[in-house]
Amino acid sequence: KAEADVYIESNPHLRRILSNTELLFPLLSKLLELNIKISNNEKLSEIEINELNSLKEILKNHMNKNLI
């Protein structure tokens with residue numbers, strides 16, 4: 001294995017940071033998109049509200065899974 005792979009596998013904190021980052025970037029992107037829409041006085045569609053609820057559940061599940 002590559003040295004970087006061994007380092008990540010042997011360091012649980014680094015592995016968790018990577019996992020959190022992979023989750024947070026899409027979440028932040030979606031929140032920014034919706035925040036811009038709200039700032040322009042546009043209402044969120046039912047689909048967008050459902051997407052937010054889905055993202056909330058994904059984040060909640062992720063947080064529960066990664067408890068120390």
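A: If its neighbours within four places in sequence are left aside, Leu34 is in contact with Leu44, Glu48 and Leu52, where contact means heavy atoms within 4.5 Å. This is a predicted model, in which local features need pLDDT of at least 70 and side-chain atom pairs count only at pLDDT 80 or more, while totals for chains, interfaces and linings use all residues. Residues are numbered from 1 along each chain as its sequence is written, and side-chain values use heavy atoms, with hydrogens and water left out.

Leu34 belongs to helix α2; helices (H or I, at least four residues) and strands (E, at least two) are DSSP runs, numbered from the N terminus. With a relative accessible area of 4%, Leu34 is buried, a word that stands for under 20% relative accessible area, whereas exposed stands for over 50% and partly exposed for what lies in between (1.4 Å probe, protein chains only). Leu14 is 20 residues away from Leu34 in sequence, and their C-alpha atoms are 30 Å apart in space.

Further along helix α2 is Lys37, which is also buried, although it is a lysine, with a relative accessible area of 19%. Not counting residues up to four places away in sequence, Lys37 touches Glu42, Lys43, Leu44, Ser45 and Glu48. The loop between α2 and α3 contains Asn41, and this residue is exposed, with a relative accessible area of 72%. The phi angle of Asn41 is near 60°, which is a positive value in a residue other than glycine.

On the side of α2 the contact is made by Ser19, Asn20, Leu23, Leu27, Lys30, Leu31, Leu34 and Lys37, and on the side of α3 by Glu48, Glu51, Leu52, Leu55, Ile58, Leu59 and His62. These contact residues divide into eight nonpolar, three polar and four charged, where Ala, Val, Leu, Ile, Met, Phe, Trp, Tyr, Cys and Pro count as nonpolar, Asp, Glu, Lys and Arg as charged, and the others, Gly among them, as polar.

Helix α3 also holds Asn53, which is partly exposed at a relative accessible area of 39%. Asn53 and Glu9 are 44 residues apart along the chain, and their C-alpha atoms are separated by 32 Å.

Stepping back, the protein chain has three helices and zero strands, and its C-alpha atoms fill a box of roughly 50 × 20 × 15 Å along the principal axes. Of its 68 residues, 13% are buried.
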